[in-house]
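Please view the sequence and the structure together while reading.

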Amino acid sequence: MAGFIQELLEKRAGEQFPLHEAHLNTQMVRVLRTIGFERNYVEAREQYLFDAAGDRYLDLLAGFGAFAVGRNHPKVVAALREVLDADLPSLVQMDVSLLSGLLAEEVLATTPGLDKVFFANSGAEAVEAALKFARYATRRSGVVYCDRGYHGLTFGALSANGDDIFQDGFGPLLPGFARVPFNDLEALERALAGRDVAAFVVEPIQGHGVFMPDADYLPEAARLCRKYGTLFIADEIQTGLGRTGKMWAVEHWGVEPDMITMAKALSGGFVPVGAVALRKDAFDAVFSNMVRAPVHGSTFAKNNLAMAAGLATLRVLREEDLVGNAARLGESILQRFRDMATEFEFLHEVRGKGMMQALVFGPPKSTKLKISWKLLEAAQPGLYCQMITIPLFKKHRILSQTAGHGINVVKFLPPLTLTESDADWLLGSVREVVADTHRGTGAVWDLGKTLAGHALKIRGGRS
Ligand SMILES: Cc1ncc(COP(=O)(O)O)c(C=O)c1O
């Protein structure tokens, strides 16, 4: 007999859009309808989503990177079932649990130089913890972060957000936060030189826009942090756990940060989780005596489901050599995209590492295409990208995203389980869609006109 959730899913199938329209984010429903992304997904496995019509989609969004081991990985499911079936005591609170101790041990085995772990319930919460620990340990209040940086949307993390659209209207934000351009070591040194900065927080590869660090940026930034007594926080919430072809992206540049924040993929995408791995001295400064044992924490942190999912996920990453697959297949996809860039005047650059990939589009050379490009950009910067992501989805059933506001960057964040045949699916589809936009007329440009119309209406306050 079907359980009550199964019954609900069957009885109310398809009602998600009106429900969200009425009770949740109406604008999100409008976005999905406008770009034609409304689907009734009924099943998910590995890197695929399946809708009620029986169509299979290649999911290169991976829940914003949470499904690095693929969706519904059977080994993670089995671990979660084991926890539920065992009636384990979770969240006793006046106790310490075995599973969180074991997961901390396993995480630290991957983070040389770091000795302690703090668990949280999300990426933003991990960042909040890192910022608090840095302030307390250094007895300084300053935080330096990068232009275009993204660390979450709670107040501390938002205060370190390098994109005005997220910050505007939510102020006053936390005092003491200073923004510097990414890849600008002089600006960083100027910001740190007053010796009042607790932490420099940076994504090794910026998620918004997939901006890459210059070869010397992260090692030099770490050196400057040491010089001025600032803690270096590598936010690996998106880049970590194998996504870039190394367990931690900082490994590409030989950097050992003072703290690494992680979340997303850590629980296989099942249970909200976040963590900070950090040096013992910073951790012990905060939790310095028994009275201070509870000074930072959260009710659901270290819950057994998240911890078990974390242990299973790390095991899957190892057993299936998913980090190796991200490195090998990821680099091969990037190379094939780079080859493609020589054929298409709109495709200017290919950025990324491993399974974090971006196609950067820009103005064409030929006059006719240039006019169309300018009209799109005048309506809304970054609109061309949607002429890629929408047909990729509607025609080729590939779910992807634009990589940020107002920029022409399409981003792929595939599960690390991607196969050669998925790569062929992706490359063939991108080639067709990008080639279509080079014709300058046809369905894709009709779509462009419609999108420009919507954008102008929004700008004019009519939508
Ligand atoms: C680099 C980075 N830091 C922090 C966050 C915030 O994580 P969460 O959405 O779990 O709060 C994200 C989420 O996209 C991220 O990419």
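Helix H3 (residues 26-35) is hardly covered, with a count of 0 buried residues among its 10. Here a residue is buried if 20 or more other C-beta atoms lie within 10 Å of its own, exposed if 12 or fewer, and partly exposed in between, with C-beta atoms placed from the backbone. Helices (H or I, at least four residues) and strands (E, at least two) are DSSP runs, numbered from the N terminus. Just after H3, Gly36 adopts a positive phi of about 75°.

## Basis of the model

The model is predicted: local features need pLDDT of at least 70, side-chain atom pairs count only at pLDDT 80 or more, and totals for chains, interfaces and linings use all residues. Residues are numbered from 1 along each chain as its sequence is written.

## Domains and their contact

The domain assignment, which is automatic or taken from a database, gives domain 1 (74-319) and domain 2 (322-459). Their C-alpha centres are 31 Å apart. Between them, 17 residues of domain 1 are in contact with 20 residues of domain 2, contact being defined by C-beta atoms, placed from the backbone, within 7 Å. The side of domain 1 that touches domain 2 has 7 nonpolar, 7 polar and 3 charged residues. In this classification Ala, Val, Leu, Ile, Met, Phe, Trp, Tyr, Cys and Pro count as nonpolar, Asp, Glu, Lys and Arg as charged, and the others, Gly among them, as polar.

## The nonpolar core

The largest nonpolar core has 134 residues, and Phe200 and Ala275 have the most contacts inside it. Such a core is a set of buried Ala, Val, Leu, Ile, Met, Phe, Trp, Tyr and Cys residues joined through C-beta atoms within 7 Å. Helix H13 (residues 304-319) gives the most to this core, namely 10 residues. Domain 1 and domain 2 each supply at least three residues to this core.

Beyond its neighbours within four places in sequence, Ala275 is in contact with residues including Val107, Phe118, Ala126 and Leu266.

## The ligand shell

Of the 14 residues around the ligand, Gly123, Ala124, Gly152, Ile237 and Gln238 come nearest; a residue is near a molecule if its C-beta atom, placed from the backbone, lies within 6 Å of it. Helix H7 (residues 123-138) contributes the largest share of this shell, 3 residues. By class, the shell has 6 nonpolar, 6 polar and 2 charged residues.

## A hairpin

Strands E11 (residues 347-353) and E12 (residues 356-361) pair in the antiparallel sense over 6 bridges, where pairing requires at least two bridges found by DSSP. Arg351 stands opposite Ala358 in E12. The hairpin has 2 residues between the strands, and Gly354 takes a positive phi near 55°.

Note on methods. Contact = placed C-beta atoms within 7 Å.
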